Amino acid sequence: MTDCKSLIQELAEKYGRERSSLLPILQGVVSANHYVSDTCMTDIAKELDLSAAQVYGTATFYSFLDTEPRGEYVIRVCKTITCDMHGKKTIVQTLEDMLKIKVGETTPNKKFTLLETNCLGWCHEGPAMLINDTPYSGLTSEKVHDIISEYIQK
Amino acid sequence: MSEQTLKRVDLIFGEYSNEKYKVLATTLERTNEEILQELLDSGLRGRGGAGFPTAMKWKYTAETPGDEKYVVCNADEGEPGTFKDREILYRVPRKVFSGMAICGKVIGAKKGYMYLRGEYKFMVPELVKELAIYHEHAKKLGFDFTIEIRMGSGAYICGEESALFESMEGGRGEPRNKPPYPTTSGFMKKPTVINNVETFVNVLMIMRLGPDQYRKLGTTDSRGSKVFSVSGDTPIPGIYELELGMPLDKFVDEFGDGDTKAVQVGGASGFCVPRKKFKDTVIGFEGVPTGGSMMIFNSSRSMYNVLHNYLEFFEEESCGQCTPCRVGCQQLLKGIVAVKKGEKKAIYLDQLMKLSESMKITAKCGLGQSVANSFSSIVNNFKEEMIY
C-alpha cells in the first residue's frame, strides 16, 4: 500500500486543493490503495482544508469509494434486471466456488473482493462484471473460470 | 394517430465528415441567433429522458448575465437497460465534443466538462486521446473552449443534474431544490447548460443537415431519431437508431422473441407496457417517452421478480436526503414482499399504490418521483403475479 500522506500530496498537486478536487483525490486514493481509510480521510481533510466530516460524507456516499479494505482485484457483478434474468446467480455461484468466499468478502490473501453492484450498462450482453475498471460481458461459468484463472496467475 | 412504422436511421452513428471538426468550424462562423433559431426550428428535445427543448435551455443560459458559464455533458448513464451513451462515446466522440463546443460558443462558456460514470472508466484513455485532437483543432480555429473529463463513482442519482453538480463540486450527490435551475445556477452556482451525450450529437447533426432535413424524421412532438438500447428477451439485443414516434407493436414485431409479455420503456424509472397495450402505445414525447432503454420480457418472466429487482435498485440508489423517497422505496419493497408471502392481504397493494403516488408529488427529485411509474404500471397490469 502506498503511503497515504505522500500519495495525497501528489494527488493534490495534480488535481488542486479546491473542494471540487475532493472526488478526484478520493478516486486516486481508492485506485492506489483499494480503499480509503479513516486516517487517510483525515489527511485529505488537512490537505484540502476541509473538515473530516465533509470528507467522510463524500467518501461514504459513493459505492465505488470503498471505505473498508478491499482486495487487489475488486469484482463487481451486475445484479440489475437483465443481467439477473440472464444468469447472474450462476456467475456469482461460480465466483464464490472458485474464490471460496461469499459476496461481500475478501480472500485471505487479500487478492480478490467479491461484490454485487447495480447496472453496469452491459444489459445487451449480460451477465456482466467489472474487475477493477475492466468490464467483462456475455459471461458463462466457463468464461468466468478462464478470466479468474488468469487473474490468479497475476 | 398517424400510421408510423419502424424506420432505421443512421444519423447519430453516421460517418464523420471527411475533414476533422469541419462542421464545428463552419458553425463557429455563424451568429448565435442563427444557431439558436435552427435548434428551435429543429424541434430538438433533450435525449436524457425528460425531453426539455434544447434551444430554450441554451437560450435561457445565454441570456443569464455572467462572465463565468459552463457546459456539462451528462455521461452518467445509469438507468437500467441503457447503454447507448457508452456506444456513442465509443464510436463518435468527436460529434459529442463538437456539440459541446457549439454550446460553449452560443452561451459564452470557456469551459466544458464531461461527467462520465465510474463504470465507464475503462473508456477514459481513448477519450483523452480524442480530446487532445479536439483541443488541437479548437486552437487552430482560435476558439477558446476546453473540455475536461470528470468521473463519477458508482451513484445512479448523480445522473440527476443538480446532484451531478454537487458531485463535481466534491460533495455528496444529493439533488438541490429547484428553482433555481441550472440555466441560472448550475455548476459552481454559475449559469450552466447540462445536456445528455446524445443531445449534443443531435445538435451537431442539425448544424450539418439543417433543421428542415432533421425535422423530416419523427413526429410533430418528437422530432428526429433516437438511439435505443434493446435488451432482455430478444434474439437481437443491442443499440439501434430508430425514428421517434414508432408504435410499440411494430417494435415488438421487430425485436421480440415471439412471446413478448411486456416491454419496460424508459428503464426502471419508466413505464411497463403489457401486451394488450402494445398497439396503442407510441414511443415518443406524445406517448411513452424514453431515454432509450427498452427492456423486453417474455411470458417466462415473473413480473413480481422484475418489480422486486427495480425496487431493490431504487432503495439502494436513493440518496436518502428526503423522507418520501428514502422511506417510500423501503416500504414499497417490504410491502410487495409481505403481500407475496401472504403476510398482508391483497388489498394492501392499494395502500402501496397510494404511497407511490405520494412519492410522486412529494419527493425532491426525479428518482423518488418516478418510482411510481414502474410501480403502478406493473402492479396495475400484473396484479395476479404480485399476489400469487
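Which residues of E4(B) point one way, and which the other way? Thr192(B), Ile194(B) and Asn196(B) point one way, while Val193(B) and Asn195(B) point the other way.

This is a predicted model, in which local features need pLDDT of at least 70 and side-chain atom pairs count only at pLDDT 80 or more, while totals for chains, interfaces and linings use all residues. Residues are numbered from 1 along each chain as its sequence is written, and chains are lettered from A and ligands numbered from 1 in the order in which they are written.

Stay on residues 192-196 of chain B, which make up strand E4 (strands, E, at least two residues, and helices, H or I, at least four, are DSSP runs numbered from the N terminus). Five of its five residues are buried (20 or more other C-beta atoms within 10 Å of the residue's own, with C-beta atoms placed from the backbone).

Val71(B) is opposite Val193(B).

Now go to chain A, where four strands form an open sheet of mixed pairing, in the order E2-E1-E3-E4. Select residues 129-131 of chain A for E3, which runs antiparallel to E4(A) and is joined to it by three bridges. Leu130(A) has Pro135(A) as its bridge partner in E4(A).

Technical notes
Buried ≥ 20, exposed ≤ 12 C-beta atoms within 10 Å, placed from the backbone. Pairing = 2+ DSSP bridges.
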